[in-house]
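Keep the structure open beside the text.

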Amino acid sequence: MKTHKFPRELSYVLGMIFLPFAIAIMTKANLGLSMIAAPTYIISEKVSFLSYGQTEYIAQGIMLILMCIVVKKFKWTYLTAFITSVIYGTILDFFIWVVSFWSVEAKWLRVVLFVLGMLLTSLGVAMFMNTYLAPCMWDYFVRTVVEEKKLDLRKFKLSYDFVFLIISVALTLTLFHKFIGITWGTLVIAVCNGNIIAFINKWFNKHFELYNALPRLAKLY
């Protein structure tokens, strides 16, 4: 029985905190990133004048253009996903700076950070699933293309992740001739994240009743 009311706008804010913090500590753990997060990390490690966060929103800006081409339309709300991407990238750079002061030489501590990061990633994604505000372009691309083209979400997401895996492998081998950002941890994330997200989302919706604290804003979406 739902006993607590929870504003969808707060869900967005929490997603914007949990997700970049999760990526930052997983980067620090250096045990692998998700297939979606890895390409921009690999590029940022090679291009010295771009931070990880800056690479993120540049790449997501390109993704916005690609999405408009695929769905053959443009809406102003599409830009809100890019704005989210810029905010996300800025917060990510802040957390990257914060964790740069951490000493995590011990293998057990790196594993702890990796697991914590994976859990927070799932929590962040679950938060974005419970808000009407646009998530980052990576997720918004999937949602919009599936809705506009009437595609099967599961099949499209599997194909989407596979493409990003190929891009990640190609980038790391081309730019570094070794694996950077892609390790056994990437496979663990691929196997576990979907189930963890589903569990968190089910628990959240069981115990909280979502509502729009800003109904006028919600109507714009």
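This predicted model holds 19 aromatic pairs. Take Y12 and F128 to begin with. Their ring centres lie 5.8 Å apart, and their planes meet at 70°. Planes over 60 degrees apart count as edge-to-face, so that is the class of the Y12–F128 pair. Where do the two residues of this pair sit in the chain? Y12 belongs to helix α1, residues 8-29. F128 belongs to helix α5, residues 107-129.

Y12 has 14% relative accessibility, so it counts as buried. F128 has a relative accessible area of 5%, so F128 is buried too.

Now turn to F141 and F156. This aromatic pair is stacked, with 6.4 Å from centre to centre and 25° between the planes. The stacked class needs planes under 30 degrees apart. F141 lies in helix α6, residues 137-149, while F156 lies in helix α7, residues 153-175. The pair therefore ties together parts that are 15 residues apart in sequence. Both F141 and F156 are buried.

Which residues form it? F21, F94, F95, W97, F101 and W102 make up one aromatic cluster.

One more contact involves a ring and a lysine. K46 lies over the face of F176. The distance from the ring centre is 5.5 Å.

Definitions and conventions: Residues are numbered from 1 along each chain as its sequence is written. This is a predicted model: local features need pLDDT of at least 70, side-chain atom pairs count only at pLDDT 80 or more; totals for chains, interfaces and linings use all residues. Side-chain values use heavy atoms; hydrogens and water are left out. Rings of Phe, Tyr and Trp (its six-membered ring) pair if their centres lie within 6.5 Å; planes under 30 degrees apart count as stacked, over 60 as edge-to-face and the rest as tilted. Helices (H or I, at least four residues) and strands (E, at least two) are DSSP runs, numbered from the N terminus. Buried means under 20% relative accessible area, exposed over 50%, partly exposed in between (1.4 Å probe, protein chains only). A charge sits over a ring if NZ of Lys or CZ of Arg is within 6 Å of the ring centre and within 35 degrees of the ring normal.
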